[in-house]
Amino acid sequence: MTTRVRFAPSPTGALHIGGGHTALFNWLWARRTGGKFILRIEDTDMERSTPEYEDTIMSGMKWLGLEWDEGPDAGGSHGPYRQSERLELYRENAEKLVSDGSAYREGDAVIFKVRPDVDLSFDDMVYGRIETASDALQDRDSGALKDIVLIKSDGMPTYNYAVVVDDHFMEITHVIRGEDHISNTPKQLLLYKAFGWKTPYFAHLPMILGKDKKKLSKRHGATSVYEFRDMGYMPDAVFNFLALLGWSAGEDREIFGREEAARLFELSKVTRKPSVFDPDKLNYINQEHLKRLDPMVRLAHIKPFWEEMGLPADKHDDAYLAEALTLMGGRGQTAKELAGFSDYYVSFGPVKERWNSDGISGELRAGMKEFYAALTDAPEWSSDALEAQARAWTEEKGVKMKDYAMTLRFALTGMKVSPGVFEVAALLGRDEVKNRLAFFGLG
RNA sequence: GGUCCCAUCGUCUAGGGGUCUAGGACACAGCCCUUUCAAGGCUGCGACGCGGGUUCGAACCCCGCUGGGACCGCCA
C-alpha cells in the first residue's frame with residue numbers, strides 16, 4: 001500500500017514556521033516511503049479564508065521546496081482538494097449518521113451524539129499509546145458529555161468532522177500534524193467508529209515554542225516563511241533547520257539537504273518534547289549552507305539583496321561578482337548580511353559614504369601616498385605580487401604593514417573588516433584601485 | 001475546573017538498565033592562524049527537575065510531586 005499523507009492548512013494567513021514544520025515532516029515521510037504528499041485546503045471558515053492566503057501558503061511551500069503530488073492546483077484522483085468544494089460529500093455522509101441514529105438534527109445543524117464508555121485509545125507513532133475514552137469529551141462548564149457538531153447551521157462542516165471525511169475519502173494512510181491536535185483525535189476516532197471506517201495511523205509532532213517557551217507567535221518576531229526569505233535566509237537552510245526541530249538525523253549529522261533528509265527520516269525517531277526556536281542556530285545553519293553554495297548559485301541568492309540596496313549589480317559580469325563572493329568566504333550569516341558586507345565590489349558609492357579620513361595624520365598620509373604609488377605601479381597585478389610588494393616596502397621603511405593595510409582596506413572598502421586587502425585590490429583591478437585612492441587623496 | 005501530553009547542558013539533541021567520570025551541535029569564553037573580520041583548528045564553561053521505589057546496578061523501568069504545554073467553539 002502506498003503511503004498517502006497530507007498537509008491541510010486553512011487559508012487564513014501566510015505559511016508560518018509551525019505550519020512549515022508540519023508540512024515538512026509530511027513531505028519527508030512521503031518521500032521517505034515513496035508515497036504521495038497531498039495538499040488540502042481547509043477553507044470552511046468563510047469569514048477568514050481568502051484565495052490570496054491560499055496562494056501565499058502554496059508559494060511558501062514551494063519556496064521551502066515542499067512540492068505536493070495532489071492538490072487544488074495539481075489535481076489528482078481524490079479531489080477536489082478544497083473543502084469548500086466538497087460540501088455535498090459532508091452533507092451526504094452526515095445524513096448517513098442521522099439515518100442510523102448516531103447523529104441528530106438541530107435546526108440546520110447536524111450533531112453527533114456522544115455516548116459514554118467508548119474506548120478511544122490509540123497508538124500514536126510518535127507519542128505511543130494514548131489512553132482515553134468518550135467520557136473525557138465533556139463540556140467545560142457543566143462537565144456533561146458534549147455532543148460533536150458535524151454540520152454548522154450555515155451548512156458548513158466543522159473541522160473535526162470534515163477532517164475525518166476527507167482523510168477517509170482521500171485515502172490518507174498517515175495523519176501527521178501538530179501536537180495540538182492530539183486532543184482532537186479521540187473525537188475523530190469516534191466518528192471513524194460511527195462510520196465503520198478504517199482509521200489512519202496518527203503521528204503528532206511536538207510544538208515549536210518561542211524563547212519564552214510559549215507557542216511561537218508574531219510577538220516572537222518573524223514567523224512567516226516569507227519574512228525569513230526577506231531577511232536573507234535560504235530555503236534549504238530553513239528546511240534544514242526545521243527538520244532538526246523534533247528530529248535528529250543521527251550520527252551527529254546536522255547540515256544536510258532535502259534528499260538526504262528524506263533518505264534518513266524516521267517518524268519513530270521524532271521527539272516528543274516541544275522545542276524552542278533558536279535564531280542563533282538558524283543563523284549558523286544558514287551560514288553553513290551559504291558557504292557550501294556554488295559561486296554562481298550563491299551569486300543568484302545575493303544579487304536580489306544588492307539590488308534591493310540600490311546597487312547596480314547588473315553593471316558587472318557575473319564571473320566578477322561570483323569571484324567577489326568567493327573572496328568573502330564564510331563571512332555573513334544571511335544572504336542579506338553577505339550582500340551588505342560585499343557592497344564595495346558592486347559600487348564605490350557606499351565606500352564614499354563610509355569614508356572618514358579624520359584619523360589619518362598628514363604625516364602618515366604622506367607616507368601612504370608613497371606606499372600606494374609603489375603598489376599601484378606594481379608590474380604584476382595579482383594578490384601575491386601586491387602583497388610581496390607591500391611587504392618589501394614596509395620592511396625597507398621599517399614601518400608596520402598593519403597601518404598601511406588597514407588604511408588601504410578602508411579606502412577600497414569603506415570597512416574596517418574585509419577579506420585579505422591585497423586580494424580585494426587584485427579583484428577590483430588596477431584602475432579601480434587607483435581611482436578609489438585618488439578620490440581620497442591617497443593616490 | 002476536566003482530559004491528555006511532556007521533562008538530559010541557556011538552546012537543539014544523542015542516549016532505550018551496566019560501555020555515562022552523560023556524547024555532538026549552536027551560543028558563550030580563551031588560544032592558534034593573521035594586514036582586519038569571518039572561516040578553520042584546539043581548549044574550556046555547561047545538563048540527567050525533586051522524592052520514593054524496582055534492581056546487584058538506573059538518565060534510562062514504576063509511582064508521587066513540581067514545573068511546562070495542548071485541548072475542552074456551530075475556529076481550524
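**Reading pockets and an RNA surface**

A: The residues of the lining of the largest pocket divide into 15 nonpolar, 14 polar and 9 charged. Here Ala, Val, Leu, Ile, Met, Phe, Trp, Tyr, Cys and Pro count as nonpolar, Asp, Glu, Lys and Arg as charged, and the others, Gly among them, as polar. This is a predicted model, in which local features need pLDDT of at least 70 and side-chain atom pairs pLDDT 80 or more, while totals for chains, interfaces and linings use all residues. Residues are numbered from 1 along each chain, chains are lettered from A and ligands numbered from 1 as written, and side-chain values use heavy atoms, without hydrogens and water.

Q: What is the volume of the largest pocket, and which residues lie nearest its centre?

A: A pocket is an open set of points on a 1 Å grid over the protein atoms alone, where a 1.4 Å probe fits, with protein on both sides within 12 Å along at least five of seven lines; lining residues have an atom within 4 Å of a point. Volume is the space filled by probe spheres set on the points. In this model the largest pocket has about 1100 Å³. Its lining has 38 residues, and Pro9, Gly18, Gly19, Asp180 and His181 lie nearest the centre.

Q: Which helix gives the most to the lining of the largest pocket?

A: Helices (H or I, at least four residues) and strands (E, at least two) are DSSP runs, numbered from the N terminus. H1 gives the most, with 5 residues. Strand S1 (4–7), helix H1 (17–33), helix H4 (159–169) and strand S8 (174–178) each supply at least two lining residues.

Q: Which residues come nearest to RNA strand B?

A: A residue is near a strand if one of its heavy atoms lies within 4 Å of it. Of the 65 residues around RNA strand B, the nearest are Lys152, Lys214, Glu254, Arg331 and Ser418. By class, this surface has 18 nonpolar, 18 polar and 29 charged residues. H9 supplies its largest share, 6 residues.
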